[in-house]
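Colleague: I would like to learn how to read the features of a protein model one by one. Could you take me through them slowly, giving the general idea before each case?

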Amino acid sequence: MNRVTQNLVLTLLGCAVLRISAFSTTYLNYVKPGFRPFLIGAGAVLVVLGLIGLFQASRAGDTPAEQGAQDDTHDHPDAHEHAHASEHEPPDAGEHGPEGNGGAGDGHDHGHDHAHGGPRVAWLLCLPVFAIFLIAPPALGSFAASRDDTPPPRDQTLSSFTPLTGTGAVEMTLGDFIGRAWDDDKKSLTGREVKLTGFVTPAKKKGQWYVTRMQIACCAADAFPLKVAVRGLQEPPADTWVEVTGTWIPQTFGKMTTGVVYPQITGKSLIRIDTPDEQYE
């Protein structure tokens, strides 16, 4: 990989980062919205550095053939001087013998026994470019959610929940609903209709399914699912984004349970919606 190719790959990598952050919302499939300025800045720096490198290489005539010739001259300056001196000296008969031919052959092999350009592993920098332009991996969905459990509810005795005011269904995030379901001593969800938004995840237990949202702290690598079990409504296809209206089902445990227990609602209505740009909580 010569300098021109290296800088071209650097420029393409910067363009790929700008494409998903500055000119679309694809970056939301991988990181939180607050990282957008950093992605734009990093992409711009890569593009500028790549263009500067291409400009410098074009001015220096940094093509593969010329670069190789320059490397040969720099690595073996005595070869050039020997060739220049031989033009002014008469040929020696001994030089045409077997030893002379062998010495010349060894010198030729030695002159080209070196690598040109950078290591081949540098081509791996093209993989993110191809992944973004050709594949564009989507956000995590029901496949990831069904293979990971929500962490057990934490004790939030010091936390306070805002009272639910007004009439009608209250729109809230899954995280807020789960927190109120487990940790609100005032049971503010009792008898109130709530409106939850997420994608559909199938459940192993019959008669219910999950409305799910992935929650991230930094990026998709640390994502974990927030699930609320929906009962009383027909299950839509997996990964369908829905808006579910229903009422909380208070749970009482007669004996110690094992595994993760998810809050439940009795579904009243369901509306299919388009996939939102920001799919994580």
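Modeller: Let us begin with a term: a salt bridge is a side-chain nitrogen of Lys or Arg within 4 Å of a carboxyl oxygen of Asp or Glu. Please keep in mind that this is a predicted model, in which local features need pLDDT of at least 70 and side-chain atom pairs count only at pLDDT 80 or more, while totals for chains, interfaces and linings use all residues. Residues are numbered from 1 along each chain as its sequence is written, and side-chain values use heavy atoms, with hydrogens and water left out.

Colleague: How many salt bridges does this rule give?

Modeller: The count comes to 2 salt bridges. In one of them, the side chains of Lys268 and Glu193 meet at 2.7 Å, N to O. This pair links distant parts of the chain, since Lys268 lies in strand 6 (residues 264–272) and Glu193 in strand 2 (residues 193–202), 75 residues apart. Helices (H or I, at least four residues) and strands (E, at least two) are DSSP runs, numbered from the N terminus.

Colleague: Is Arg180 buried or exposed?

Modeller: The general idea is that buried means under 20% relative accessible area, exposed means over 50%, and partly exposed is in between, with a 1.4 Å probe and protein chains only. Arg180, at 5% relative accessibility, counts as buried, whereas Asp176 is partly exposed, with a relative accessible area of 27%. In the other pair, Lys268 is exposed at 57%, and Glu193 is partly exposed at 23%.

Colleague: What does Ala145 touch, leaving aside its neighbours within four places in sequence?

Modeller: Contact means heavy atoms within 4.5 Å. With those neighbours set aside, Ala145 is in contact with Phe199, Thr201, Thr212, Met214, Pro225 and Lys227. Ala145 is found in helix 7, and at 0% relative accessibility it counts as buried. Distance along the chain and distance in space can be read side by side here, for Ala145 and Ala223 are 78 residues apart in sequence and 9.3 Å apart in space, C-alpha to C-alpha.

Colleague: Where is Gly168 found?

Modeller: Gly168 is in the loop between helix 7 (142–145) and strand 1 (170–171), and it is partly exposed, with a relative accessible area of 45%. Not counting residues up to four places away in sequence, Gly168 touches Arg192 and Glu193, the latter being the partner of Lys268 in a salt bridge.

Colleague: Which side chain does a polar contact join to that of Gln264?

Modeller: A polar contact is a pair of N or O atoms within 3.5 Å; within protein, one must be able to donate a hydrogen and the other to accept it, and residues adjacent in sequence count only if both atoms are side-chain atoms. Here a polar contact of 3.2 Å joins the side chains of Gln264 and Arg231. Gln264 has its place in strand 6 and counts as buried, at 11% relative accessibility.

Colleague: How many disulfides does a search of the whole structure find?

Modeller: A disulfide is a pair of cysteine sulfur atoms within 2.5 Å, and the search finds 0 of them. Cys218 is in no disulfide, and the nearest cysteine sulfur, that of Cys219, is 4.2 Å away.
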